[in-house]
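Student: I would like to go through this model with you. Could we start with the overall picture and then turn to the details?

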Amino acid sequence: MHGFYTKNVYLCSKFSRTTETNKQMMELEPQLYYYDMGAGVTAFSTTRHGGYSKGSYASFNINRYCGDNDEDICLNREMLCHLLGIGDDRLLMPHQVHEAKVVKIDEALLALTAAERQEALEGVDAVMTNLSGVCIGVSTADCIPVLLYDREQQAVCAIHAGWRGTVKRIVERAVGAMAAAYGTQPRQLTAQIGPGIHLDSFEVGDEVYAAFAAAGFDMPAISRKYPVSDGIGEKWHIDLPECNRLQLIHAGVEAQQVRVSPVCTYQQSADYFSARRLGISSGRIFTGIMCR
């Protein structure tokens, strides 16, 4: 079911060497927001609560590409893996670059060394798999994470859709990639759009508005002008969750099978990381999905 959930776990070897109180251990447990996408999958987004990270990374961050302390990241990953019941080599997150490349996670990729896997996931913004017990996910802090679950083929996909990836129609490309790899029919998909920046908070420059317009988007459906903070003039705002929802429907996913998180990361930055609120040197949300 949807909602926050924590679970007592034996966290890592650090706990066997210290005398943490029960209260301290509870504070370190990651709090995840789970999505109900079907009986065959576990799907979730991490929150800022739990974990070891400090400062603007506080406190649950597993992204190695945003400047956080590597030891804290390792401990956070270990907690998440234990909660999911998998090894660290089965928790996969690409190094995203705001493009539209989709990579399949298969046994051959899992057989690579850690360094080789990292290289294979360099410059990737969406990952998919039909392997059970493998958690794939993407990292965001205002960009839009999208999860897909093929109920018939038991395949999943995690997509990072920032505004550039959205303009490149990455979710439509991901649906196509799943069709090619697994025989996915769009009507068989359940989609979850996770926490990200919403229309009211996503002010953009004219060049961003122009990029969406040039790509053929229905601008009245995804954009609106708001007064600027000093009251002089107006700025365009883009509705990224809605834009990705409409893309999914255009790709053939049934509208009733597309769910949208109500969380705006900018407005709820106490619970979810927001780069616009906290700066680029801050933590990231991990939105993951795993076939069981």
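Student: How many helices and strands are there in the protein chain?

Tutor: The protein chain has eleven helices and 15 strands. Both are DSSP runs numbered from the N terminus, helices being H or I with at least four residues and strands E with at least two. This is a predicted model, in which local features need pLDDT of at least 70 and side-chain atom pairs count only at pLDDT 80 or more, while totals for chains, interfaces and linings use all residues. Residues are numbered from 1 along each chain as its sequence is written, and side-chain values use heavy atoms, with hydrogens and water left out.

Student: What share of the residues count as buried?

Tutor: Of the 292 residues, 55% are buried, where buried means under 20% relative accessible area, exposed over 50%, and partly exposed in between (1.4 Å probe, protein chains only).

Student: And which share of the contacts is between residues 24 or more positions apart?

Tutor: Such pairs make up 68% of the contacts with a separation of 6 or more; contact means heavy atoms within 4.5 Å.

Student: Changing topic, what is the strand order in the open sheet of three strands?

Tutor: The order is β11-β13-β12, with antiparallel pairing. The edge strands are β11 (203-204) and β12 (223-227), each of which pairs on one side only. Two strands pair if DSSP finds at least two bridges between them.

Student: How many bridges join each of them to β13?

Tutor: Two bridges join β11 to β13 (residues 234-238), and five join β12 to β13. Glu203 stands opposite His237, while Ser223 has Ile238 as its bridge partner. Six residues lie between the strands in the hairpin of β12 and β13, where Gly231 takes a positive phi near 80 degrees.

Student: Now β6. Which way do its residues point?

Tutor: In β6 (residues 126-129), Ala126 and Met128 point one way and Val127 and Thr129 the other, and all are buried. In a regular strand the side chains alternate between the two faces of the sheet.

Student: What is Gln188 in contact with?

Tutor: Leaving aside neighbours within four places in sequence, Gln188 is in contact with Tyr149, Asp150, Arg151, Glu152 and Gln153.
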